[in-house]
Amino acid sequence: MIRKPTLTTTLITIVGFLTVCPVVMLLFGSFSEGFGSFGQFTTAKYIAAYTDPALLEILWNTVIFTFGSAALATGLALFLAYMNTRTNIPFKGLFGVISIVPMMIPHILFAVSWALLLNPSNGILNRLLMDVFQLSSAPFNVYSLGGMILVEGLLDLPIAYLIIAPAMSAFDIALEESSKVCGASTLRTLMRVTLPVLRPAILASAILVVVRSLASFAVPSVVGMPGRIYVLATHIYRSISTGFSADYGKAAALGMSALAASITLIYLYRYLTAESGKFVTISSRGFKPSLIDLKGKRYPFFAVVGLVSFVLIVLPVVVLFYTSLVPYSMVPSAKAFSMMSFKHWIDVLKDPISVLSLKNSLTLGVFGATLGVALAILIAYVIVKVRTPAAGILESLSFLSFSFPGIVIGVGFMWFFVRTPLYSTMWALLIGYIATYLPYGIRPLSSAFIQIHSHLEESSRVCGASSFQTLRKIVIPLLIPGIVSGWILMATMFLRELTLSVVLSRPGTEVLAVQILRYAEDGLWGKLSALGIIMIGISSTLVLGVTYLGRRFSRVEVVDR
Amino acid sequence: MKKVSLLVMSMFLVASAFAADIDKAKAEGKANLYANITAIEPLMESFTSTQGVEGIYTRISTSKYLATVLTEHDAGKLQADVLQGPLPILQTLKDKGVLAPYRSPSAVGYPDWALADDTIVQFGIEYVAPIYNKELVKPADVPKRYEDLTDPKWRDKIVMPDPATHATTISWLVGLKESKVFASDEAWMAFVKGLAANKPMFVKSFSPTPAPVESGEKLIAISMPKYIITKAPAPLDWAHVSPLLGSPRGIALAAKAPHPNAARLFIDFWLSKNAMQMLADKVGEYVLAPGVFPPITGISDAKVLPIRELSDEEIASWGEKFKTIFYAK
């Protein structure tokens, strides 16, 4: 029998080991003179980092960028998840996959695609709109704070979708029926019942997107820098790139503010969802999520969802495919189409390092996500069901590496792993991935746990089952949508992981990120796009496979009414 | 001059005594190169096939290079046999005791200044020049002098690495001043301000500069002519301004190389005329091996000069100055 305090302590030890070590190394580095993690004590790096007069404007930009991205990603995810899980809109399976496509694309590529579409000089969409509406100047400028929010919000849409959709699909019909019996319309029921009950999932999604966009570097560098808009991540990059001796201690000192912001957000989230009983939707009574019949509005809604998905997600992928076929960066033209070939694809597939990195990344993705989700189930269980101060510590610990800006945390892991025999092995990558992206597993699972009433577990125990049996036979089957979401988030992340891989990968342990970095640093966008599409293909196969398995094993039935 | 030649020659003779032992190198089996240089796989393959020793290329981003090498070195886990990178980085590594002296016999004929150090051999210059889209810029409009970049007709049509932060670009701008490319410091400052007034689009380094020029988003990039080779068949050409300036690149032996003989063999191979020719032909690099040039029109006649090595403090200080000029609202 598992005793909760023991489980909590064990998990704190494991998660602490995984996430605290690199952050502690960064903490030492931020207080050390020189380039390493153990130099003479100094506070000079903090003084230099936080007395910069430009910092205030950068922090303000960062707040707008992160909260804007969170609002866009969460709002869009709510709309798509509601349409997909709660209505009888046609082709819902397709939209389910489209919503998570941005998760599979290397962020730098997605950002470059949007620059090709919406740059003010010759962006494809801008040109089209100028021709159609006879405009004298480009209507959109992607190199702006709005452009950054658009691209980052879309990239983080899958995180929001994969947290909100399971919660939405596990919704107790009785709550909505009661509302309707009392005479409320569908819209009023949605606003007064459905959305408030989904508060934990909505907050979880928004917080995760804020934390992720805080650590994001691709969008701020590809879209923000040309518009001269700097946020914390690009400010940190500036601090390490001005000069040849990159001082990661100073970068870590700046990163500490991102860490503090993330931990504050996590405690805020715990406070806002403290009365978890309010959000239970799967109790021991009849639980059957219902579908809303859109009737005559089925196809208009389908058109709206279709258009949103096409413009925001499909179009950039089409641009990616186009880029993989043309010999160099070209706007679409008769000449461009006449020069198309599969040369970049052949080059990528013939490159032995590409093949090796595909194999390594696939292994890390499948194996790592499975291990990561197993750990996340236990952690989410403790976070949601135990809710002691120790559980709060566990939740904060799980976010430590995740909330550090990507360009710094890799160095923290390097400073840590170099002191172990794991350095430059696949194990270092595996442990680093799980440690950093644990919240991708924990968040969807804790949102799912919140909705399961403890009566179910108590009934199981009354019938003589142990805690472990209860977890395996009662809780896990009800958690399947959350498990599927967590697995997808982790596996797709591990397949395209860049920030840790560039530091920890060595010849023989190359992963896709190594190839991505090589192509990006050499400006070979054609090859990069071809590899990006291959990655989307692999990730889609994994997503479809695990979704199918999830549906087979799930005991949650969605009934069409 | 005579003294310098004598010194170089004596260093060469002493160091040559420790030149690579091919049998020992083969017994060691491999040589690991730490670097961040574009598309050198053909060179690594050539080393492996011609020397019978496996060449391993560990690519590490420039921004993480020093942190990675020093961390591994301090922990006794540096796997590099040979290190290659911008001169200021190698100089820091030498100061920290990571590098060992080695004078390769293959470096004969290199300029004296490239061999002045007993440890680091400078083999190339990361030369910077304006590159342009030759389909969209008429031949008559192509800049012929640096000052031409300040013409208002290029407003919103230039892309360049951020001059407030990108170390090589900062060094390049300072180099234009110190190399007396302009008649006076005032003329140089007028150039900097004129360039800033044209509101160039900033990117994080040189590598993202060619793409906007290829696609026509911008017309000119402060970039590197080597992209004419690596991005072919993109319609790129370089503006024949003179002189061209760039940061020197160096190569050196690791003090605790796990495969010291293979490492020496690798450096001998790397500095040989054949390898340098491959580097010029395949990657478009400007190399210092005598008589070897990249196959780019006009480069063999161009005057290419190394930039003085700026300290990080100088780079930071100049970066701040350029920030006030280029970011002025």
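Colleague: How far apart do the C-alpha centres of domain 1 of chain B and domain 2 of chain B lie?

Modeller: This is a predicted model. In it, the C-alpha centres of domain 1 of chain B and domain 2 of chain B lie 29 Å apart.

Colleague: Which residues belong to each domain of chain B?

Modeller: The domain assignment gives 2-125 + 247-287 as domain 1 of chain B and 127-246 + 303-323 as domain 2 of chain B.

Colleague: And how many residues does each of these domains bring to the contact?

Modeller: Domain 1 of chain B contributes twelve residues, and domain 2 of chain B contributes 13 residues. On the domain 1 side, helix H5 (87-95) and strand E10 (244-254) of chain B are the elements that give two or more residues. H5(B) gives the most to that side, with three residues.

Colleague: What is that side like by residue class?

Modeller: The side of domain 1 of chain B that touches domain 2 of chain B has seven nonpolar, four polar and one charged residues.

Colleague: Let us turn to strand E8 of chain B. Are its faces covered or open?

Modeller: Both faces of strand E8 (residues 220-223) of chain B are covered. B:Ile220 and B:Ile222 are buried on one side, and B:Ala221 and B:Ser223 are buried on the other.

Colleague: Which way does strand E5 of chain B run relative to E8(B)?

Modeller: Strand E5 (residues 121-133) of chain B runs antiparallel to E8(B), and four bridges join the two. Within this pairing, B:Ile131 has B:Ala221 as its bridge partner. Strand E6 (residues 158-161) of chain B pairs with E8(B) in the parallel sense, over two bridges. There, B:Ala221 is the bridge partner of B:Val159.

Colleague: Now chain A. Why is helix H7 of chain A largely enclosed?

Modeller: Helix H7 (residues 145-155) of chain A is largely enclosed by the rest of the structure because nine of its eleven residues are buried. Among the buried residues are A:Met148, A:Ile149, A:Leu150 and A:Glu152.

Colleague: What covers the buried residues of H7(A)?

Modeller: The cover includes helix H3 (55-86), helix H5 (107-118), helix H8 (157-169), helix H11 (199-215), helix H12 (218-224) and helix H15 (298-325) of chain A.

Colleague: Finally, how many residues does each chain give to the contact between chain A and chain B?

Modeller: Chain A gives 39 residues and chain B gives 47 residues. On the chain A side, helix H13 (232-241), helix H20 (406-417), helix H24 (501-504) and helix H25 (512-521) each supply at least two residues. The residues of that side divide into 21 nonpolar, eleven polar and seven charged.

Methods: Residues are numbered from 1 along each chain as its sequence is written. Chains are lettered from A and ligands numbered from 1 in the order in which they are written. This is a predicted model: local features need pLDDT of at least 70, side-chain atom pairs count only at pLDDT 80 or more; totals for chains, interfaces and linings use all residues. Two residues are in contact if their C-beta atoms, placed from the backbone, lie within 7 Å. Ala, Val, Leu, Ile, Met, Phe, Trp, Tyr, Cys and Pro count as nonpolar, Asp, Glu, Lys and Arg as charged, and the others, Gly among them, as polar. A residue is buried if 20 or more other C-beta atoms lie within 10 Å of its own, exposed if 12 or fewer, and partly exposed in between; C-beta atoms are placed from the backbone. Two strands pair if DSSP finds at least two bridges between them. Domain bounds come from an automatic or database domain assignment.
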